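Please open the model in your viewer and keep the selection tool at hand. The stops below go from one selection to the next.

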Amino acid sequence: MPADAQLPTVASYAGARANYAPTAHPDAQGALVTSVRPLSPADDEGIEPGMRVLTVNGQALTDMIVWLWETDDDTIDLTVLDPRDDTVCPCTLERLEGEDWGLEFDGAVFDGMRTCVNACVFCFMTMLPKDSRESLSIRDDDYRLSFLQGNFVTLTNMDDDDVQNVIDRCLSPMNVSLHAITPEVRRRIMGKNAARGIEVLERLMDAGIEIHAQIVLCPGINDGEELDRTLAYCEEHPLITSLGIVPLGFTKHQNRFTTSYSDDPAAAGAVIEQVRPYQQRAFERFGRHTFQMSDEFYLDAGVEVPEAAWYDGYPQYYDGIGMIRSYLDDTAELLKNSARLRSVRDALKQTGRTLVVVSGTSAADTVRGFVESEALGGSVAAIQNRYFGGNVDVTGLICAEDLLDQLPHNLENVVLILPNVMFNAEDMTLDGYYLNDVVSELNSRGAETLSVSTMPFELTEALENALGRSA
């Protein structure tokens with residue numbers, strides 16, 4: 001197949017659901033096929049976008065775990081629904097060694113997302129503005145997405161069949177929201193189902209399932225002595241190979257919290273010191289530090305983040321743990337031989353343009369260390385999060401309203417970098433603006449706008465491509 005060949009696709013999630021929803025088989029939804037690779041085993045059997053795969057090897061296709069588990073051999077049996085005439089047909093797919101099946105599906109779970117049954121006091125979904133779009137309020141707590149996508153789940157909504165499924169299929173590691181260990185504290189934090197989470201957690205660990213755990217630390221609730229108890233529990237269970245500790249975040253759209261560690265550098269520093277002995281003992285015992293403080297604690301306390309070795313290979317990077325250290329190390333690496341950055345700076349200067357990189361306020365100083373270095377010569381626009389308010393200050397939660405309001409109206413000759421973490425998979429911000437509309441508005445002010453990663457190496461490469469310079 002030519003490299004530039006176009007795969008047949010279903011136009012969109014919503015459109016596909018509307019156009020192909022089965023009528024004669026309402027209880028057999030299966031997995032919606034969104035694309036089929038030409039000349040693939042699926043194409044050979046006549047499977048097309050818009051059809052639904054109902055079973056694989058006799059198993060209902062409820063999620064990608066079933067698909068991955070059942071399709072490991074080179075021959076599989078499917079039943080496929082063609083919604084154009086409501087026919088269900090069996091077919092057998094065969095593939096060559098190393099060949100994929102040629103199918104892509106709509107999402108990772110096909111039988112409905114498992115939603116949360118808890119009432120966590122710090123739940124961000126309960127702190128959203130009242131006019132937020134409905135999809136933001138979906139509180140997922142699906143153990144399958146924990147394994148497939150790294151989502152943190154509480155385990156409280158899992159029945160015994162779910163637990164056995166994790167064990168039988170060795171869905172390891174699992175990412176688990178722990179928060180506290182004392183039953184009374186857990187119930188205060190999470191609600192009446194809290195005990196089930198520990199019961200399931202211990203069954204999984206007894207079966208050898210590795211756990212990456214998380215604590216959302218709330219001052220006056222699960223800190224202090226309770227934090228010590230929770231850390232000690234994790235210390236006693238070596239299958240908890242990492243524990244991320246993140247501070248309470250809150251918006252202005254609630255009345256439960258008014259302060260957190262972002263307002264109290266001494267308290268943030270005290271937590272860092274409280275955790276340190278556990279880190280040291282874990283390293284002596286296992287050669288890993290296990291207990292990982294989120295970047296916010298170090299920023300809030302005004303102390304330097306640890307060296308890379310403390311992050312054990314960054315198992316909780318996307319939980320905001322180790323990003324600052326990674327950014328600093330990438331910056332140092334690029335600045336060792338600054339010729340590459342100077343080439344970008346010179347290309348901008350030759351065309352009379354300047355570089356502006358958008359950042360949240362929490363990471364702005366770190367980003368400045370790279371962007372505003374003498375070698376690159378750009379500037380950082382730190383955007384305050386007024387849409388959410390409270391102590392929300394991370395780059396990934398920047399909203400378009402704040403961005404457009406706080407950036408200058410005159411952006412002539414500016415190469416403007418928008419962090420791509422501001423946008424979801426549908427290129428939408430949290431306040432409902434599409435990337436194309438944001439870029440159009442900024443370009444109308446004179447900017448040349450790019451939405452890319454602002455990590456040093458990725459940003460440098462994007463600028464080189466935009467400016468026609470190679471590394």
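This is a predicted model: local features need pLDDT of at least 70, side-chain atom pairs count only at pLDDT 80 or more; totals for chains, interfaces and linings use all residues.

Residues are numbered from 1 along each chain as its sequence is written, and side-chain values use heavy atoms, with hydrogens and water left out.

Select residues 339-350 and 456-467, which are helices α12 and α16, whose axes come within 10 Å and cross at roughly 40°. Helices here are DSSP runs (H or I, at least four residues) and strands likewise (E, at least two), numbered from the N terminus; axes are lines fitted to C-alpha atoms, for helices over the stretch in contact, with angles from 0 to 180 degrees between N-to-C directions. The two helices are therefore oblique to each other, a class left over once angles under 35 degrees (roughly parallel), over 145 (roughly antiparallel) and 65 to 115 (roughly perpendicular) are set aside.

Move to Leu 39, in the loop between β1 (31-36) and α2 (41-44), where phi is near 65°, a positive value in a residue other than glycine. Leu 39 counts as exposed at 64% relative accessibility (buried is under 20% relative accessible area, exposed over 50%, partly exposed in between, with a 1.4 Å probe and protein chains only).

Finally, select Asn 413, in the loop between α14 (400-406) and β13 (414-419); its phi is near 65°, again positive in a non-glycine residue, and Asn 413 counts as partly exposed at 43% relative accessibility.
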